[in-house]
Number of protein chains: 2
Amino acid sequence: MQNDCKNCVFNTRATSMLSDKSFGQLSENHLELRFSKGDTIIKQGMFSTNVVFLRKGLAKIHLTGPYHEQIVRLVKAPTYLGLPTTFGDKINQYSVTAVTDTDVCYIDVRVFQTILNENREFSNDILIELSKNELESFRRCANRTQKQIRGNMADVLLEFSEKIFQSDSFTLPISQSELANLVDTSRESVNRVLNEFDKDGIIKVNGKQIEILNKKSLNLISQNG
Amino acid sequence: MQNDCKNCVFNTRATSMLSDKSFGQLSENHLELRFSKGDTIIKQGMFSTNVVFLRKGLAKIHLTGPYHEQIVRLVKAPTYLGLPTTFGDKINQYSVTAVTDTDVCYIDVRVFQTILNENREFSNDILIELSKNELESFRRCANRTQKQIRGNMADVLLEFSEKIFQSDSFTLPISQSELANLVDTSRESVNRVLNEFDKDGIIKVNGKQIEILNKKSLNLISQNG
DNA sequence: ATTATTTTGTGATATGCATCACATTTATTA
DNA sequence: TAATAAATGTGATGCATATCACAAAATAAT
């Protein structure tokens, strides 16, 4: 039995403006699924007929680069996944994999398009989301290519702390190899930098458990190198 | 005196679907401008109240990175500029600079939004453009960070040849330092690689004049290293 | 034209980091 | 609980490429 979308906890500002008719369409034409940690939610190269709404959990957007897998970014619910594919060539250009257990809604592209066309607010919000992502991409790419490892590692730790976990102490949601793919470096370097930061008293590392002890230092490292 | 937008040569598939009313609004609320090579069309950090339509010419999208200027990509008319800013926070997150002399239309954001709301085809095309850009960004970023200089230089040369000039011989539209900022390397390395390619008979370099002699080799270098 | 400025060409040196190699610890599975 | 695999820790080495330092052309400015 499907949930009633109108009463979904994860109504965004935009979706809350939808008409009853649109909510009806959504409620009838979506598919709720759960994924376990490590499961593939969206598979690069596959034909896609769905938009995915991530209701709960953490996921990584990643793609096959020329030499190795690249993690573009971690995303946190609630958010849409696969929007660019929906409006692009319908072939997924990237994969999305569950990093924690997740709850997900699959929405058929045609239903999504219909709702989009009927709701100004909604389509505007999608435009905003896509735009923000593009700008974010530019900045992220410039940082990754120009900064060196310590700077990028500092950024990732700050992002985890501020954007994803909203806490100074958290558990790393991905392995050091994955961190390396996110930060464009090698697994060994990730390890070294993490332990350097620990020895310098900037963070406390205990297995996957991280505590940020000196945020000011991290910000400095992020800026300098 | 303003041009009639309906008869604009650079009507895209999407704009050609606009209603007469929308065309009227466009014709009355746009501003045609020319820029000379090197002029700033959009300035990072400035508040923006316009969408820019590049009618003629070549421009570079670039932004201030943590250590130096970064060229995100070269764009060729006809195309929109500044869309992400329009739907984002209205502060330009990047600059756009004329690489050749350009013709440009400034369209007030509010007029643009109105037209967008009234024309399904049009807004859909904008969604598609934004989506393609995002996917393109992912790929580009993965390539730049994973490949090494020869590979990236090969890519840029192929892109110039295929996407921008549609010819095997062309004049480099930017200096070697700018190429370096586009390819994420140093000016010296750009120079060396260019001359290496020349010595290997892959391209012929004569000042800023480039002729691609062996496209197959370039593609191989792009893939391997 | 002459000077000044920017762009290009090229060697020599330095360095950040990938890669390799292997030990150790922590998870997973049988 | 043993066995197997995956993830982590750390030194030693090599290499791609940044940086430095000038020289030479090519452009722009006076």
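**Exercise 1. Sort the residues of the surface near DNA strand C by class.**

Step 1. Ala, Val, Leu, Ile, Met, Phe, Trp, Tyr, Cys and Pro count as nonpolar, Asp, Glu, Lys and Arg as charged, and the others, Gly among them, as polar. A residue is near the strand if one of its heavy atoms lies within 4 Å of it.

Step 2. Note the ground rules. This is a predicted model, where local features need pLDDT of at least 70, side-chain atom pairs count only at pLDDT 80 or more, and totals for chains, interfaces and linings use all residues. Residues are numbered from 1 along each chain as its sequence is written, chains are lettered from A and ligands numbered from 1 in the order in which they are written, and side-chain values use heavy atoms, with hydrogens and water left out.

Step 3. Name the nearest residues. Of the 16 around DNA strand C, these are Gln148(A), Ser189(A), Arg187(B), Asn191(B) and Lys208(B).

Step 4. α7(B) gives the most, with five residues. Helices (H or I, at least four residues) and strands (E, at least two) are DSSP runs, numbered from the N terminus.

**Exercise 2. Find which residues of chain A have polar atoms close to phosphate oxygens of DNA strand C.**

Step 1. Look at the DNA side.

Step 2. Take the side chains. An N or O atom in the side chain of Ser189(A) is 2.6 Å from a phosphate oxygen. For Thr185(A), the side-chain distance is 2.9 Å.

Step 3. Take the backbone. A polar backbone atom of Ile149(A) is 3.2 Å from a phosphate oxygen.

**Exercise 3. Work out how chain A is laid on chain B.**

Step 1. Superpose by least squares on the C-alpha atoms of residues with pLDDT of at least 70 in both copies. The RMSD is 0.1 Å, with a turn of 180° and a shift of 0.0 Å along the axis.

Step 2. Check the contacts (heavy atoms within 4.5 Å). The same surface serves both copies: 100% of the contact residues of chain A recur in chain B.

**Exercise 4. Describe the largest pocket and the second largest pocket.**

Step 1. On a 1 Å grid over the protein atoms alone, a pocket is an open set of points with protein on both sides within 12 Å along at least five of seven lines; lining residues have an atom within 4 Å of a point. A volume is the space filled by probe spheres set on the points.

Step 2. Take the largest pocket, with about 920 Å³ of space. Of its 34 lining residues, Arg73(B), Glu129(B), Lys132(B), Asn133(B) and Glu136(B) are closest to the centre. α4(B) gives the most to the lining, with 11 residues. The lining divides into 16 nonpolar, six polar and 12 charged residues.

Step 3. Take the second largest pocket, with about 800 Å³. It is lined by 31 residues, and Arg73(A), Val75(A), Thr79(A), Glu129(A) and Asn133(A) lie nearest its centre. The largest share, nine residues, comes from α4(A). By class, the lining has 16 nonpolar, four polar and 11 charged residues.

Conventions:
A polar contact is a pair of N or O atoms within 3.5 Å; within protein, one must be able to donate a hydrogen and the other to accept it, and residues adjacent in sequence count only if both atoms are side-chain atoms. On a 1 Å grid over the protein atoms alone, a cavity is a set of points where a 1.4 Å probe fits but cannot get out, and a pocket is an open set with protein on both sides within 12 Å along at least five of seven lines; lining residues have an atom within 4 Å of a point.
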